[in-house]
Amino acid sequence: MQEPTWPPNRPPEGWIDRPDRAGRWGTRFRRLQGTCSGEPLRRNRDDRLGGGVAAGLARWRGFNPTAVRVVFVIATLFSQGTLVPFYFMAWLLIPGSVDVAAAGSGAPEYASVWSKARHDSRGITLAVGVASVLSILLLIVGVFSAGLVQTWGWPQVVSAACLVLIWRNAPAHEQALLRRVGGALASIGPDATPRGNRLRIAGAVVLLAGGIGWLVSVHESVSLLRPLGGVVLVLAGCVLLLGPWWLRIARDLVLERQARARAEERADMAARVHDSVLQTLALIQRRADDPAQVTQLARAQERELRSWLFEGQAPGSVSGAGSLAAGIRQIQQDAEARHGVPVEVVTVSDCPLDEDLAALLAAAREAVVNAAKWSGAPVIALFAEVTPDDVEVVVRDRGKGFDPLSVPADRKGLAESIHRRMSRHGGTVAVQAAVGEGVKVSLKMPRAAAARSAARE
Amino acid sequence: MVLVDDHGLFRSGVRSELGRAVEVVGEADDVAPAIEVITSTQPDVVLLDVHLPGGGGAAVVAAIRERGLPDVRFLALSASDAPEDVIAVIRAGARGYVTKTISTAELADAIRRVASGDAVFSHRLAGFVLDAFASADTSGPDAVKPSFDPELDQLTARERDVLRLIAQGYTYKEIARELYISVKTVESHVSSVLRKLQLSSRHQLTRWAAERRLA
């Protein structure tokens, strides 16, 4: 007997029928349009803006993600915000797509956020708490006006609750996205003592209740002063309740900024020490058989270090040069004097120095010193061109070159002094190198907008 | 080849170094004797110092051109690299420019090139030319002095690329490899730059040179 076939028409090539619900929906839709990839609905982590819901929807149905997003935003506007909580619910309930890179590690990426949040009782409590606080705030606002805030606000109570759950239970890469937004909520628990917390919340509740009661009791009254008192009470309650969050946010911001500034300063200092002291020490080692030269090097280094530590004049900076061409000439003279390698300089046009260009010069200097020390080339070419838009410096030698892939990580010269220095100031670096064919380092620094317009005139 | 330089020591040095590669048929140490020697010997190439006591290399080139000797080609040579002098010699009609620090082999090569009708640009000259033609598109109305052929006033993007690489010390062969073109094409780019440099009536060029002299 012939085997029964169902569906009667053979499905097209690439038809994969998945047993799960999303897959069934997918194939059902596909029967209407025939453009679906046949994959189940997953949030798309590769092309996400928020939770990847729109991108996932787009991939599932074969739409353009941008179109899905635009439609969502428009629909949100028309539905007065009602769609927003659905977005977060989708985030919560639809499983994320598998991370290709982490696929081998066996992480349960397929599970939805909700499957984890279900067991997170603290998270649920927190979500309910946040929702209730928001509800109270909305109620208070409602006393004064029943306008836009009301219609737009209520759906967001659900959004906030969902967000709390997502934030507590989403995989790490999604949490990082939310951290900036949700960081404030984290300060409720572990930071304050439980007793202080309870006191604070109790006080807030009393104040809020008193304030609300007052407001409600005088609502019909024409007196203006009494509702004001109520407002003050409510505000005091809010400050008591939310004050620690705000403080924590502000403190975190300041701390983070300080940490970043410290790290940058350290990197700058390391680059400078490398340029001056470490370079000189390396030179001294290479010329150990020539005492006069060693003494001279040590003296020069001492002078430089002193002027840095006590007079604030940074080593490696091309000091005293007023223009780019002058700075390039100074690099040439320095390199020729210190390393005895002739440097052929060509400069095309010129411009005054600013901070970015000083960094460019410092990087160029480092590239020249590197070439002088390691290439073994008889001559180094140093080319600088100023155009209205940017300044390019090329350092080139025909020395022994190197294999860019085999540079050990602990050799700081190229990485720290040149690459980071340039990128800190918005410039770019291109290094062409091959064994036996020399090295070409191209440094490009965009000019400041003001300098640009001045150059065009 | 005729060698014109006011330093006797340098002349004898070049002569002994180039002895095997190039036949030196005459020497001179000033403008007037140089013109005499060149008209009498009619060499393929004149290696000409930019700085001569009696009027500079440009005067020699101009005088020879006046006498109608188109087959004599000039290669300018200088130690000082004062841009306005170099540009003056090139605009007078020299086919190339090299610095005195050039190696013997490179000098011989440059002479051969000039003899065969090519242009020779040292990295420094390339820099000067780039500088002189820079901001051609953005220059103000005072810079626009219409010449017979507006194309002469600007370098093409390709010519700029070639000049940039020359300025970075690339040889013609290396440039050809870098830009994926043939050495012949590189040569023709350089020649066309030279032509523009000589024929362009750009106000810009003169002004640029004047500014350089002030600085």
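A crossing of two helices is left-handed if the near helix is turned anticlockwise from the far one by less than a right angle, and right-handed if clockwise. Helices (H or I, at least four residues) and strands (E, at least two) are DSSP runs, numbered from the N terminus. With that in hand, H2(A) passes H3(A) in a right-handed crossing.

This is a predicted model, in which local features need pLDDT of at least 70 and side-chain atom pairs count only at pLDDT 80 or more, while totals for chains, interfaces and linings use all residues. Residues are numbered from 1 along each chain as its sequence is written, and chains are lettered from A and ligands numbered from 1 in the order in which they are written.

**Confidence in chain A**

- The pLDDT is the predictor's confidence in each residue, from 0 to 100, and chain A averages 73, with 71% of the residues scoring at least 70.
- Within chain A, strand E3 (residues 390-397) has the highest confidence, at 89, and helix H1 (residues 21-33) the lowest, at a mean of 49.

**Helices H2 and H3 of chain A**

- Helix H2 (residues 53-61) and helix H3 (residues 65-78) of chain A pack at an angle of about 125°, their axes 8 Å apart; axes are lines fitted to C-alpha atoms, for helices over the stretch in contact, and angles run from 0 to 180 degrees between N-to-C directions.
- H2(A) and H3(A) are therefore oblique to each other, since angles under 35 degrees count as roughly parallel, over 145 as roughly antiparallel, 65 to 115 as roughly perpendicular and the rest as oblique.
- On the H2(A) side the contact is made by A:Ala54, A:Ala55, A:Leu57 and A:Ala58, and on the H3(A) side by A:Pro65, A:Val68, A:Arg69 and A:Phe72.

**A glycine in chain A**

- A:Gly211 sits in helix H9 (residues 194-217) of chain A.
- A:Gly211 counts as buried because it has 22 C-beta neighbours inside 10 Å; a residue is buried if 20 or more other C-beta atoms lie within 10 Å of its own, exposed if 12 or fewer, and partly exposed in between, with C-beta atoms placed from the backbone.
- Leaving out residues up to four places away in sequence, A:Gly211 touches A:Gly230, A:Leu233, A:Val234 and A:Gly237.
- The C-alpha atoms of A:Gly211 and A:Gly230 are separated by 4.7 Å, though the two are 19 residues apart along the chain.

**Chain B and its contact with chain A**

- The contact takes 12 residues from chain B and 12 residues from chain A.
- Helix H6 (residues 123-133) of chain B gives the largest share of the chain B side, 6 residues.
- H6(B) passes H7(B) in a left-handed crossing, and the two pack at an angle of about 140° with their axes 7 Å apart.
- Buried residues of helix H7 (residues 157-167) of chain B include B:Leu163 and B:Ile166.
- Among what covers the buried residues of H7(B) are strand E1 (343-348) and strand E2 (380-386) of chain A.
- After H7(B) comes B:Gly169, whose phi is positive, near 90°.

Notes: Contact = placed C-beta atoms within 7 Å.
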